[in-house]
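Reader: I'd like to go through this model feature by feature. Could you give me the general idea each time, and then the case at hand?

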Amino acid sequence: MAALAGCGHLSRTFRPALSPFRYGASKLQLHAGIGYPAICANEPLLRRTRALWGSGVGRHFSSGGEDDLSVKYLDGEDSGIVVLGINRPKTKNAISKNLVKMMTEAVDAVKVNKSVRTVILCSLVPGVFCAGADLKERAKMHPSEVGPFVSKARALMNDLGNLPMPTIAAIDGAALGGGLEIALACDIRTAAFTAKMGLVETKLAIIPGAGGTQRLPRTIGVSSAKELIFSGRTVDGTEAKSLGLVSHAVEQNEAGDAAFRKALALAREFIPQGPIAMRMAKLAINRGIEVDLATGLAIEEACYAQVIPTKDRIEGLTAFKEKRPPCYKGE
């Protein structure tokens, strides 16, 4: 896991009461609300942020006063896209206690915000996505602290994986150990050809502890996952694409953000769709893939029941009849 870049000073925090909404009588229910913790951006972060996704579009948010995590809610035509940017350049975005704390708070805020359509996780540090655990910090921990810290990191990965909206990891550099585990917790991964990825924990006489031994086999198959974990070997973007570890591999550009730009293009394909339908589709896939086909089909039926009484479904039919783009509101 890696630290995400934030802005320097907390300007204000606004957290309206959560507003759950439910559809249908099924036990599978979708809850959403709104929460906007806002902060201002410092100049170094702003410059790097503009280099990644343009000048001044959207607002900057963070869960703390340190510059480890940037949470940016995009505006205009990209409204509904949230970008989590990792920014710990001195440690190659290594995962620290503060990073886990900030990411957990950011994920919690996104989870209850029904205006969010897609989340992109990327790095603001050129050439690296996340180098894994902060080993210098880990070396200072008492053995009794390690277990609880790994448990918190594992819980963060689970929360990230269980976000109701689509998530995309943009890997423009090295994603090693916990860094790759963060990416594996996302629904989709994009990578530059030059990116390096691997679960290298066995080289340190430990094993992946934040979901890697479970998510990697489910992503690339058991045999290939065992080979990578047993050897601690890394793969580049091209091999990662051939293994199915990433959905898209692209040639790196001069700005060093080719994977991010591909992720943004994908997010722009997602945001026009019905948001409740997107969340129900993700839930049906995630729950269904873990069970037998008959149970999976029952889960799909229950999720489909959630979209029938929505205003968005009627809007989709009306827009089709009137030959115009639909305007979905998540209702």
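**Reading the fold, the cores and the surface**

Author: Let's start with the overall make-up: the protein has twelve helices and 13 strands. Helices (H or I, at least four residues) and strands (E, at least two) are DSSP runs, numbered from the N terminus. This is a predicted model, where local features need pLDDT of at least 70 and side-chain atom pairs count only at pLDDT 80 or more, while totals for chains, interfaces and linings use all residues. Residues are numbered from 1 along each chain as its sequence is written, and side-chain values use heavy atoms, with hydrogens and water left out.

Reader: What share of the 331 residues is buried?

Author: Buried means under 20% relative accessible area, exposed over 50%, and partly exposed in between, with a 1.4 Å probe and protein chains only. Here buried residues make up 50% of the 331. The accessible surface, from the Shrake-Rupley method with a 1.4 Å probe (for residues, only the protein chains shown count as cover), comes to about 15,700 Å², and 57% of that belongs to carbon and sulfur atoms.

Reader: And which residues touch the most other members of the largest nonpolar core?

Author: A nonpolar core is a set of buried Ala, Val, Leu, Ile, Met, Phe, Trp, Tyr and Cys residues joined through side-chain atoms within 4.5 Å. The largest one has 51 residues, and Phe129, Met197, Leu216 and Leu245 touch the most other members. Helix α2 (residues 97–111) supplies the largest share of this core, eight residues. Another core, of 16 residues, lies apart from it and includes Leu74, Ile120, Phe260 and Leu264.

Reader: Which residues of α9 are buried?

Author: First the general idea: an α-helix has 3.6 residues a turn, so residues three or four places apart point the same way. In α9 the buried ones are Ala258, Ala259, Phe260, Ala263, Leu264, Leu266, Ala267 and Phe270.

Reader: What is the phi of Ala205?

Author: About 65°, a positive value although Ala205 is not a glycine. Ala205 belongs to the loop between β11 and α6, and its 71% relative accessibility makes it exposed. Lys323, another residue other than glycine, has a positive phi near 55°; you'll find Lys323 in the segment after α12 (311–322).

Reader: Is Leu124 buried or exposed?

Author: Buried, because its relative accessible area is 2%. Leu124 is in the loop between β6 (118–123) and β7 (128–130).

Reader: Which residues does Ala131 touch?

Author: Contact means heavy atoms within 4.5 Å. Not counting residues up to four places away in sequence, Ala131 touches Lys92, Asn93, Ala174 and Leu176. Ala131 lies in the loop between β7 and α3 (135–140).
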